[in-house]
Amino acid sequence: MSSNDELVAEDDSYKPSAKKTVEEYAQLDAEDESLQKWKKSLGLLGGEPLPVTPGDLRKVVILEMSLIVDDDEPIVVDLTKEQTLNDLSSSKNYFKIKERSIYKLKIKFKVQHEIITGIKYLQAIKKAGIRVDKVEDPLGSYAPNTKEKPFYEVTLPETEAPSGMLARGTYSAQSKFVDDDKNTHLTLNWGVEIIKNKS
C-alpha cells in the first residue's frame, strides 16, 4: 500500500477480462433465457441511450450522495456542482451526526459510453491525522444509462456512529469511486463531527 495513497481497493491483484461493447454483450449467449433476463436487468437489451454532453469523456458520473441518519430527512449533496465539492472539502464538520446514531449513505450515479465493471466505494476516516476506519463497499457492474433508466442508486450498509467523550469531535474523510480497471471516477474530501446525544 502506497504511503501517498492509502485509499486503494484491498484486492489490487485482480485483472479484468478484455472489454466488450454493449452490443457484444447483448449478443452473447442469445439462446440462454436466464442470461437474457440478467442482461435485461443491466440495461443491455434495448432502451434509448441517455444523451451525453459533447466532450464529456467521464464513464461514471457521481450525481448525489445522501446521508441518512436514523429516520431523519436525508441530507442530499449535489456532487455535480464545483461549489459543493469545494464546500465539502473546506468544511471540517460539513455533516453532524449524534453519537450512537445509525447512518448510511445512498449514492446516485450514471454510467455513460461503455459498461463499467466492479465499481467500488472506498472510504477512509481519520481523527487527528490517524486513520480510525476504512470501508470498501462494492456497488456493482453497470451498462450505460438509458432514457428509461436515467440513473442508478445504491444504498450502502448501515453504520453506528461511535460514542463517548474520546469519540466525539471532528473527523476527516476521503471517499473514492473506483472500478476493476483501477480508474478513479471521483475523489471526495469531507468532514464530519460526532456530537453529544443529549436525549
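Modeller: Start with R168 and E99. They form a salt bridge, and their closest N and O atoms are 3.1 Å apart. The term salt bridge means a side-chain nitrogen of Lys or Arg within 4 Å of a carboxyl oxygen of Asp or Glu. This pair links distant parts of the chain, 69 residues apart. R168 sits in the loop between strand 8 (159–160) and strand 9. E99 sits in the loop between strand 3 (95–98) and strand 4. Strands (E, at least two residues) and helices (H or I, at least four) are DSSP runs, numbered from the N terminus.

Now the cover over each partner. E99 counts as buried because its relative accessible area is 4%. R168 has 25%, so it is partly exposed. The cut-offs are these: buried is under 20% relative accessible area, exposed is over 50%, and partly exposed lies in between (1.4 Å probe, protein chains only).

A word on the model. It is predicted: local features need pLDDT of at least 70, side-chain atom pairs count only at pLDDT 80 or more, and totals for chains, interfaces and linings use all residues. Residues are numbered from 1 along each chain as its sequence is written, and side-chain values use heavy atoms, with hydrogens and water left out.

The structure holds 8 salt bridges. One of them joins the side chains of E114 and K59, at 3.7 Å from N to O. That pair also links distant parts of the chain, 55 residues apart. E114 lies in the loop between strand 4 (102–111) and strand 5 (116–127). K59 lies in the loop between helix 2 (33–41) and strand 1 (60–69). E114 is partly exposed at 21%. K59 is partly exposed at 30%. D78 and K81 form another salt bridge, at 3.9 Å from N to O.

Next, go to strand 9 itself, residues 169–178. A173 lies in this strand. A173 counts as buried because its relative accessibility is 5%. Leave aside its neighbours within four places in sequence. A173 is then in contact (heavy atoms within 4.5 Å) with A124, I125, L188, N189 and W190. A173 and V192 are 19 residues apart in sequence, and their C-alpha atoms are 7.5 Å apart.

Finally, step back. The protein chain has 3 helices and 10 strands. Buried residues make up 37% of its 199 residues. Take contacts between residues at least 6 apart in sequence: 68% join residues at least 24 apart.
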